[in-house]
Amino acid sequence: MSLDNKPVYTGGCQCGAIRFRIEGALTDTSICHCRMCQKAFGNFYAPLVSIGTAHLQWTRGEPKRFRSSNHVQRGFCESCGTPLTYEAPDGAALAIGAFDHPEELAPIVQWGIEDKLPYVDDLHHLPGHRSDADLESAGFLKTMISNQHPDYDTDEWPLGEAGK
């Protein structure tokens, strides 16, 4: 919470070139199945949360934007490609996965269901496994060094040797 008891959210792109801070309540958490959102996110759907009247501040860098239609532009990190914003005349939304704590932003509605991929509703029936349960990938996973920005703000990025 901020000093005036407004909720505070932070997040950014995968590489850390772009970071944001939002003060105020977020609204209308959703997923959009429309084909344009599928392509913009390279995924089955786009999980988004509307900024509404909350205050958004870019604290490191700012997204590059692509006009995906005559009404909408989408912001993304030019360095790593992370989808970040959906910006329309009636307001802007941010990608839920870009938040440091996406678990706090559960979707409450689905849009564009006419383009929903036919298998999406059955994904929860697929067998689930922890990453470390794949014994064939154990060596690969054990030696992996992530270059992903952590889920918190840093004064600099990438971190120097002292910060690793």
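Two strands are taken to pair if DSSP finds at least two bridges between them. Strands, in turn, are DSSP runs of type E with at least two residues, numbered from the N terminus. The model is predicted, so local features need pLDDT of at least 70 and side-chain atom pairs count only at pLDDT 80 or more, while totals for chains, interfaces and linings use all residues. Residues are numbered from 1 along each chain as its sequence is written, and side-chain values use heavy atoms, without hydrogens and water.

An open sheet is formed by three strands in the order S1-S2-S5, with antiparallel pairing. S1 and strand S5 (55-60) stand at the edges. Each has a single partner strand, so one side of each is left without a neighbour in the sheet. From one strand to the next, the twist averages 20°; the axes behind this angle are lines fitted to C-alpha atoms, and angles run from 0 to 180 degrees between N-to-C directions.

S1 pairs with strand S2 (residues 19-23) over five antiparallel bridges. Thr10 has Arg21 in S2 as its bridge partner. Arg21 is in turn bridged to Gln57 in S5. S2 and S5 run antiparallel and are joined by five bridges. The hairpin of S1 and S2 has six residues between the strands, and Gly16 there takes a positive phi near 90°.

Burial was assigned by relative accessible area: buried is under 20%, exposed over 50%, and partly exposed in between (1.4 Å probe, protein chains only). Strand S1 (residues 8-12) is largely enclosed by the rest of the structure, because four of its five residues are buried.

A disulfide requires a pair of cysteine sulfur atoms within 2.5 Å. By this rule the count is zero. The sulfur of Cys15 lies 3.7 Å from its closest cysteine sulfur, that of Cys13, which is too far for a bond. Cys15 is partly exposed, at 21% relative accessible area. Cys80 is likewise in no disulfide; the nearest cysteine sulfur belongs to Cys77, 3.7 Å away. Cys80 is partly exposed, at 30% relative accessibility.

The loop between S9 and S10 holds His101. This histidine, His101, is partly exposed, with a relative accessible area of 40%. His101 and Tyr9 are 92 residues apart in sequence, yet 8.0 Å apart in space, C-alpha to C-alpha. Ile108 is also found in the loop between strand S9 (91-95) and strand S10 (109-111). Ile108 is exposed, at 68% relative accessible area.
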